[in-house]
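Below are a few notes on the aromatic side chains, to read with the model open beside you.

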Amino acid sequence: MKKLLFSLFLCAITMSINAQGMWTGEAAPFVYSFERSTNNPGNGASTLATGSSISESGKPAGLLPFPSIGIAKVTIGAGAQATLTANDATSKLALTSSSDLAAPTKFSVYKVPSATAVTSIFMSYAIPVGTANGVVNFIFGNTGSADTDGANVFSNATPVSQYYDPADHTLFGAIRLDIFGGNYPAVSFRTARTGPDGVGTPPTFQNANTPSYFEKGSVQNLEFYCNNFTNNQTYVRGGITYTVLPRTYQWWVNGAQQKFVVNSVDNFDFPSSGEIAQGLAVNSFGVVLTENNAPTANSSVATVGNYSMQYVPATVLPVKISSFIGKSSGSGVQLSFTTASEQNSSHFEVFRSVDQNNFAKIGEVKGQENSSTSQKYSFYDAQPSAGVGYYQLKQIDSNGEVNTLSSIIAVKNELSTKSEFKIISLSEDQLSFTIDSKSKEEARLSLIDLKGNLILNQNLLLSAGNNVVNLALPGMVSGIYVLVVSGKNGNRSLKFNKL
């Protein structure tokens, strides 16, 4: 049987390479081989019986040769072991399944830095013929660049929870095999969650209700096409173009596209479980083996090989603006927006319009260049339009190209012009102005530059009638500023130029 599986792996590698789909606009793939070399020999051992072994470039050698980028790790479960055959291009890793649900056997590749929100994952997998039982999870999702070893399910020694774990926001999706005495395991998929943490329906595993293609004794070529972005993404396989909807994935086994059936309807877009933010890279993959206790404990051995990733480069994917809101604040408008991820993001341009058609640029906000985590930004419009104003954002790439255009939002602003509010003197380090007030009030005085930066922010006590206010402004540079007074009797603003 071992010789047969080895021959099947050699054949499967050739078939898999020729049949893999390609994303529209994808970059060169990341390929990880278990083959050892003079420059990447691993630690020389062929088995690992306890604990775990990490393989990473520049770090102490582990059982596996280190990948060119990212990290590979093997974790040994209860009574299990890993055996590496690493002689040539057909090299493979044999994993004995754990007998304990709480202490799984794992193989994972994670923190692949070039992966993006649009990533495909390929590997070969085999289960021997026999009556051995157990559970296998194929998991894929995100590991943050700052995450330490053991921070999530891809690198720790814990099992894949059947239900959503709010402490581990890691998974984009997962496929589960329940292996029994027959020739075909039962297949289920991790469903989408609804609502925030602790609210709504958490993800669990749902039976696909379709025939299983995971035949024991044969090598399975697995393909996962994951789209964690906001737009439809396409890949071409066998001359046919397939479209993957946002926050879904499609997957194949030995050239057969997988589906799940609900109410007699075939569905090929499997939902993300929603446990990572939209826009984050799918940069991690793992195989988790547990609950093998019949006919004897640790009697099931799975074989993994031929691992690779393909992805649409970050430079091709636009920045994802996940929220954009505005509200009246003082005599101006406070704009706030959030990005789910950024790639080569130089800055954001802020535009304003009175008719939703003709927009004028009113400022800029610096971007984060590259980020796989959520980023928050704000901009203050000190000179908004009276009544309703319309705002839109443009995201500019590092190469100067417009990448993302936000939706248009409307903000209502009421400007008061009934009372006197004017500059009476302006020197190098002092500003004097006069302002009328209908009654005695405690107001707020703000000084803002045209970039939206808050220069001064202090309380101001006004008497009923006319008030003369003197402000000391030492070190204030030349430029155009806006003076804002906000109180119970209205919000007023005044623009002036300091020479």
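1. Over which ring does the charged end of Lys394 sit? The ring is that of Phe351, with the charged end of Lys394 4.8 Å from its centre. A second case of this kind involves Arg237, whose charged end lies over the ring of Trp252 at 4.2 Å from the ring centre.

2. Please keep in mind that this is a predicted model. Mean pLDDT for the protein is 84, with 89% of residues at 70 or more.

3. Aromatic pairs number 30 here. One of them joins Trp23 and Tyr225 in an edge-to-face arrangement, with 5.9 Å between centres and 75 degrees between planes. This pair links distant parts of the chain: Trp23 belongs to strand β1 (residues 22-23) and Tyr225 to strand β14 (residues 219-227), 202 residues apart. Trp23 has 3% relative accessibility and so counts as buried. Tyr225, at 0%, is likewise classed as buried.

4. Another pair to look at is Phe348 with Tyr377. Their ring centres are 5.1 Å apart and their planes meet at 50 degrees, so the pair is tilted; edge-to-face would need an angle over 60 degrees. Phe348 lies in strand β25 (residues 332-353) and Tyr377 in strand β27 (residues 375-381), so this pair too links distant parts of the chain, 29 residues apart. Both Phe348 and Tyr377 are buried.

Methods:
Residues are numbered from 1 along each chain as its sequence is written. This is a predicted model: local features need pLDDT of at least 70, side-chain atom pairs count only at pLDDT 80 or more; totals for chains, interfaces and linings use all residues. Side-chain values use heavy atoms; hydrogens and water are left out. pLDDT is the predictor's confidence in each residue, from 0 to 100. Rings of Phe, Tyr and Trp (its six-membered ring) pair if their centres lie within 6.5 Å; planes under 30 degrees apart count as stacked, over 60 as edge-to-face and the rest as tilted. Helices (H or I, at least four residues) and strands (E, at least two) are DSSP runs, numbered from the N terminus. Buried means under 20% relative accessible area, exposed over 50%, partly exposed in between (1.4 Å probe, protein chains only). A charge sits over a ring if NZ of Lys or CZ of Arg is within 6 Å of the ring centre and within 35 degrees of the ring normal.
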